[in-house]
Amino acid sequence: MPVIAAAVATPLTAASVACTAALSTSTAVYSRLSGTSSLFTWVDVFGDGKDLTLTLSAVPNGASNMTINQTNNLRLDSATVGGEAQPSVHLALDTADLRNLGGGQRVTFSFALDGVATTVSDLGYTIKDIDGVQALDGLGGAERVYVSEGTGTYNSDWIRGQGTGTNAWRPFTGSPNPEVAPTSAAGNVRVTASGVSAFDLTFVANNSGRALGERPPQNIWIGPLTFTALNPVCTV
């Protein structure tokens, strides 16, 4: 009798289509749409005609003592900061008043493949130049940063905290100097995470340690971001 072979599903792993891609924002096309919206794009990332994007959306967070600087916020900056000259997203705040209220901005980073939310792995990036004069809450310097996903490593002589809303990364009360030079990595936090499709990074400031009438801007830089993109048509 004839033998009829059963059809067996196989993963779509044609030689022309990649299943993973190691990517960096330093090689992406960057589009700043406004002071609160921007986009990284990797064209045809897997060889199947689909583009990968990383969208950044910023909104005010917390009190109104700090406002988003619409001119500089979300600009891609390759100047030396955090001890290196790598293309990094500038997050910029203006001081409206000196209340110790932790106002600032929350930036949502969202990954999508061909317009559909997608998960990436092995995410890593550096938050640069966290510094600022000591705030009157006694918890550290002016600039505070926390994230919804990931863990951070840093120089504990300058930075303290766990990167959470209740224990943000911030300048240590005993840091050698309230300000960090652009050529120094002392104010940096290296963040790593895995299996994320989106995350929030919140940047706030408490400026009440400043002299009355002194209202300096507050600035940090994010990047480059590196990660492994995963093609959903492939099975492991």
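Which residue of β15 stands opposite Gly124? In this predicted model, the residue opposite Gly124 is Thr192. Gly124 also stands opposite Thr226 in β18.

The pairing of β10 was examined next. Strand β10 spans residues 120–128. Five bridges join β10 to β15, a strand of residues 189–193, and the two run antiparallel. Three bridges join β10 to β18, again in antiparallel orientation. Two bridges connect β10 with β17 (residues 218–222), and this pairing is antiparallel too. Within the β17 pairing, Lys128 stands opposite Trp221. Strand β10 is mostly covered, with eight of its nine residues buried.

The largest nonpolar core holds 47 residues. Tyr125, Ile127 and Leu201 touch the most other members of that core. In soluble globular proteins, nonpolar side chains tend to be buried together.

Ile127 counts as buried because its relative accessibility is 0%, below the 20% limit. Leaving aside neighbours within four places in sequence, the contacts of Ile127 include Val145, Trp169, Val189, Val191, Leu201 and Ile222. Gly187, Asn188, Ile220 and Trp221 are also among the contacts of Ile127. Ile127 and Ile222 are 95 residues apart along the chain, yet their C-alpha atoms are separated by 4.8 Å.

With neighbours within four places in sequence set aside, Tyr125 is in contact with Val147, Val189, Arg190, Val191, Phe199, Leu201, Ile222, Pro224 and Leu225.

A search of the whole structure finds six aromatic pairs. One of them joins Trp42 and Phe227 in an edge-to-face arrangement, 5.3 Å centre to centre and with 90 degrees between the planes. This pair links distant parts of the chain: Trp42 lies in β3 (residues 37–42) and Phe227 in β18 (residues 226–230), 185 residues apart. Trp42 is buried, because its relative accessible area of 5% is under 20%. Phe227 is buried for a like reason, with a relative accessible area of 3%. The ring centres of Tyr125 and Phe199 are 5.5 Å apart and their planes lie at 15 degrees, so this pair is stacked. Tyr125 in β10 and Phe199 in β16 (residues 198–205) are 74 residues apart, and their pair links distant parts of the chain. Both Tyr125 and Phe199 are buried.

Trp42 and Phe227 also belong to an aromatic cluster, together with Tyr30, Phe40 and Phe111. A charge–ring contact was found as well. The charged end of Arg160 sits over the ring of Phe172, 3.6 Å from the ring centre.

The structure holds one disulfide. Cys19 and Cys234 form this disulfide, with their sulfur atoms 2.1 Å apart. The link of Cys19 and Cys234 is left-handed, with -85 degrees about the S-S bond. Cys19 counts as partly exposed because its relative accessibility is 27%, whereas Cys234 is buried, with a relative accessible area of 14%.

Notes. Residues numbered from 1 in each chain as written. Predicted model: local features only at pLDDT ≥ 70, side-chain atom pairs only at ≥ 80, totals over all residues. Heavy atoms only, no water. Helix = DSSP H or I, 4+ residues; strand = E, 2+ residues; numbered from the N terminus. Buried < 20%, exposed > 50% of the residue type's maximum accessible area, 1.4 Å probe, protein only. Contact = heavy atoms within 4.5 Å. Phe/Tyr/Trp six-rings, centres within 6.5 Å; stacked < 30°, edge-to-face > 60°. Lys NZ or Arg CZ within 6 Å of the ring centre and 35° of its normal. Disulfide = S-S within 2.5 Å. Core = buried A, V, L, I, M, F, W, Y, C linked by side-chain atoms within 4.5 Å. Pairing = 2+ DSSP bridges.
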